[in-house]
Amino acid sequence: MLTGTNVLMLGGDARALEIIHKLSELDASVTLAGFDGLHTHLSSAVHAEYGEQLFEQADVVVLPAVGTDDDGKITAVFSNDELKLQDGHVAKLPKHSTIYTGMAKPYLRQLCDNYGIRLVELLERDDVAIYNSIPTAEGAVMLAIQNTDITIHGAECIVLGLGRTGFTLARTLQGLGASVKAGVRSEADFARAHEMGFRPFYTTDLLPQMSNPDLIFNTIPTMIVTAQMIANLPSRAVIIDLASKPGGTDFRFAERRGIKAILAPGLPGIVAPRTAGRIMADCLSRLIQDDLQLRGDGR
């Protein structure tokens, strides 16, 4: 249980609602900022006006999947007010407090470093990332169906990167009857891809693979689908880039070449916010309880 734990929820999307419900069920005291436009009644949480005073008693601060932008702005889809995390806010936090987010940009990391506040990035954890790969893969398939005039069954697909998302996506495409090539960097991933029935190749040899795909799914967050690669694609090809912004595709050249290219980060929160929210809520509640046990609840 989280009785006596003060949780400050700042902004977010529909995933945040699952986190609020979970923490409230565990008897945490949940304060919300950036939810003033929410039509769903949350009797177990307290709405408050955003300000430095909210941070003074917070044991836990929960930020959205992408904690802040490069200037400290917090996404709050349920509010028209601007929420911005600044030095004065973090300075007010008790030293035992922890900030949880999905992933942190340098701005947020630097703020936490400046004031000695612990920062936990949930999407960097294998368990959360692997669970999240399921709605990501389903969302990628949805985009492929919406943006092509062929079936996934029989389609020539390339998946770039066999990390936690890439493996799930490649297996999903294969299960739907697609012919799947897998672009990998390591010998271990090459062997695993071969064992799973994909057709592996090293990403350093990507160019020869670009002559005949119907769909390219990129999960690598560095520029890999370059202008040179796109110039060799057939006009029917569709690129679906799942990497975090700005992605790993030359979108400008793709548009110039007439190739459909879609940047689609954050699919779990778009296609399955309830499931994605439950994944984050379950992990977050376990981590908070573990932290309380380690501290002996002495704060």
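Author: In this predicted model, Val238 stands opposite Lys260 in β14. Ile239 likewise stands opposite Ala261 in β14.

Reader: What makes β13 and β14 paired strands?

Author: Strand β13, residues 238-241, is joined to β14 by 4 bridges. Pairing requires at least two bridges, so the 4 bridges between β13 and β14 meet the criterion. The two strands run parallel.

Reader: How do you know that β12 and β13 pair?

Author: The reasoning uses the same cut-off of at least two bridges. There are 4 bridges between β12 and β13, which run parallel, and Asn218 stands opposite Asp241 in β13.

Reader: Why are β11 and β14 said to stand at the edges?

Author: The 6 strands of this open sheet follow the order β11-β10-β9-β12-β13-β14, with parallel pairing. Strands β11 (199-202) and β14 (260-263) each have a single partner strand, so one side of each is left without a neighbour in the sheet. From one strand to the next, the twist averages 20 degrees.

Reader: What makes both faces of β13 count as covered?

Author: Val238 and Ile240 lie on one side of β13, Ile239 and Asp241 on the other, and all are buried. Buried means under 20% relative accessible area. In a regular strand, side chains alternate between the two faces of the sheet.

Reader: Which helices lie on this sheet, and how are they directed?

Author: Helix α5 lies across β9 (156-160), β10 (179-184) and β12 (215-218), and runs at about 170 degrees to β9. Helix α6, residues 187-195, packs on the sheet and touches β10 and β11. The direction of α6 makes about 165 degrees with that of β11.

Reader: Why is α4 called oblique to α5?

Author: Two packed helices are described by the angle between their axes and the distance between the axes. Helices α4 (residues 126-146) and α5 (residues 164-175) pack at about 40 degrees, with their axes 8 Å apart. That angle makes α4 oblique to α5, because angles under 35 degrees count as roughly parallel and 65 to 115 as roughly perpendicular. The crossing of α4 and α5 is right-handed.

Reader: Which residues form the contact of α4 with α5?

Author: Among them, Ala129, Ile130 and Ser133 in α4 meet residues of α5 that include Thr168, Leu169 and Thr172.

Reader: What makes β7 a partner of β4 and of β8?

Author: Strand β4, residues 60-62, is joined to β7 by 3 bridges, and the two run parallel. Strand β7 pairs with β8 (residues 118-121) over 4 bridges, also in the parallel sense. At least two bridges are needed for pairing. Val60 stands opposite Thr98 in β7, while Tyr100 stands opposite Val120 in β8. Thr98 and Tyr100 point one way from β7, Ile99 and Thr101 point the other way, and all are buried.

Reader: Is Met229 called buried or exposed, and why?

Author: Met229 counts as buried because its relative accessibility is 12%, and the cut-off is under 20%. Met229 lies in helix α7, residues 227-231, and touches Leu206, Leu207, Met210 and Ile224, not counting residues up to four places away in sequence.

Reader: Why is Asp27 called partly exposed?

Author: Its relative accessibility is 37%, so Asp27 counts as partly exposed; that class lies between 20% and 50%. Asp27 lies in the loop between α1 (14-25) and β2 (29-33).

How values were computed. Residues are numbered from 1 along each chain as its sequence is written. This is a predicted model: local features need pLDDT of at least 70, side-chain atom pairs count only at pLDDT 80 or more; totals for chains, interfaces and linings use all residues. Side-chain values use heavy atoms; hydrogens and water are left out. Axes are lines fitted to C-alpha atoms, for helices over the stretch in contact, and angles run from 0 to 180 degrees between N-to-C directions. Angles under 35 degrees count as roughly parallel, over 145 as roughly antiparallel, 65 to 115 as roughly perpendicular and the rest as oblique. A crossing is left-handed if the near helix is turned anticlockwise from the far one by less than a right angle, and right-handed if clockwise. Contact means heavy atoms within 4.5 Å. Buried means under 20% relative accessible area, exposed over 50%, partly exposed in between (1.4 Å probe, protein chains only).
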